[in-house]
Amino acid sequence: MLGLYLSIPFCRSKCTYCNFASGVFPAAHHQRYVARLEEDLSLIRARAHKWGAVLPPAADSIYFGGGTPSLLAPALFRSLFASLRREFAVLPTAEITVECAPGQLDPAVLDMLVECGVNRISFGVQSFIDSEAQSIGRLHNRATALADIRRVRDAGIADISVDLIAGLPGQSMRSWFESLGVLADSGVDHASLYMLEVDEDSRLGREILLGGKRYGASDVPSGDEIADLYETAVERLARAGLDRYEISNFARPGFESRHNLKYWTREPYLGFGADAHSFDGGRRWSNVESASEYADGARISEQSPADPIGERFFLGLR
């Protein structure tokens, strides 16, 4: 079966740790970007045929990643869902995930997501410690995050995932253990835990590499400390019934992300939008990173044959 990924790279603000191809754009840009997405959806089979790619006819997973996809207006979301179902046979049992930021899920958007068949929400919480969330530019606190988890569950979406990051400025073993405890007590069935990435593509990463102090760079735990945080998380979440099934992902039995598993098991998936990646089983390609360039018509930036043996080794290790 085929997985579909749609990149919605729009944010209300840019977090200091973020190294994704996302940013703050005016609402007028959203419509132009969605129009480009829908054009690509309508042309993908003709393009695939031209490249010699073979695409399965049916999709069993759809993932809206970001950025913050829930910032899109309901009308744009409805239009995207209509385009998806027009171009692909979306199975009735398909896993349909939308990434959301706590405090940025409008009631009208939540109603529309339920109406369109979304059955999984992934919340980018990053930390349940208010001071840590504030230090990296998140716009929510613990109470908001927990309230949104309840709202989504009350709306009928039971499959909920929460993201946390190990290695945030000022984070300690004590505060990390508290965050893990709040996550476990929330009753969510899936968690993604990431270790802070330090590179030049984020403000915090650049500051750390320069040895500076802005954005709390001097308060970031050491590599060894971050490794200890991760190992603690594996043990703590296992006790809460969330077992690790991939390096960064933990779930109760039956709640593993079907879409994410496609990446590690080399199943075919198509990516639409800025910096989205695709794999047809034999070759890989990616789109341009810039949302503006993508909306202006630029699409594929790279295409290459896959290395099946090498990929089986390094993806299998995850």
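Modeller: Happy to. Helices (H or I, at least four residues) and strands (E, at least two) are DSSP runs, numbered from the N terminus. This is a predicted model, where local features need pLDDT of at least 70 and side-chain atom pairs count only at pLDDT 80 or more, while totals for chains, interfaces and linings use all residues. Residues are numbered from 1 along each chain as its sequence is written, and side-chain values use heavy atoms, with hydrogens and water left out.

Biologist: Thanks! Where is Asp228?

Modeller: Asp228 sits in helix α8, residues 223-239.

Biologist: Why does Asp228 count as partly exposed?

Modeller: Because its relative accessible area is 39%. Buried means under 20%, exposed over 50%, and partly exposed is in between (1.4 Å probe, protein chains only).

Biologist: Switching to salt bridges, how many are there in the whole structure?

Modeller: The search finds 13. The rule is a side-chain nitrogen of Lys or Arg within 4 Å of a carboxyl oxygen of Asp or Glu.

Biologist: What does Lys262 pair with?

Modeller: Lys262 bridges to Asp60, with the closest N and O atoms 2.9 Å apart. Lys262 is in helix α9 (residues 258-265) and Asp60 in strand β2 (residues 58-66), so the bridge ties together parts 202 residues apart in sequence.

Biologist: Are those two buried or exposed?

Modeller: Lys262 and Asp60 are both buried.

Biologist: Which residue does Arg252 bridge to?

Modeller: Asp189, at 3.0 Å between the closest N and O atoms. Arg252 is in the loop between β8 (249-251) and α9, and Asp189 in the loop between α6 (173-186) and β6 (190-195), so this pair links distant parts of the chain, 63 residues apart. Asp189 is buried, at 12% relative accessible area.

Biologist: And what about Arg283 and Asp280?

Modeller: Their side chains meet in a salt bridge, at 3.9 Å from N to O. Arg283 is partly exposed at 24%, whereas Asp280 is buried at 14%. Elsewhere, salt bridges with shared partners join Asp60, Lys262 and Glu267 into one network.

Biologist: Now rings! How many aromatic pairs are there?

Modeller: The count is eleven. Rings of Phe, Tyr and Trp (its six-membered ring) pair if their centres lie within 6.5 Å; planes under 30 degrees apart are stacked, over 60 edge-to-face, and the rest tilted.

Biologist: Is Phe10 buried or exposed?

Modeller: Phe10 is buried at 1% relative accessibility, while Phe25 is partly exposed at 24%.

Biologist: Which residues make up the ring cluster?

Modeller: Ring pairs link Phe10, Phe25, Tyr33 and Tyr294.
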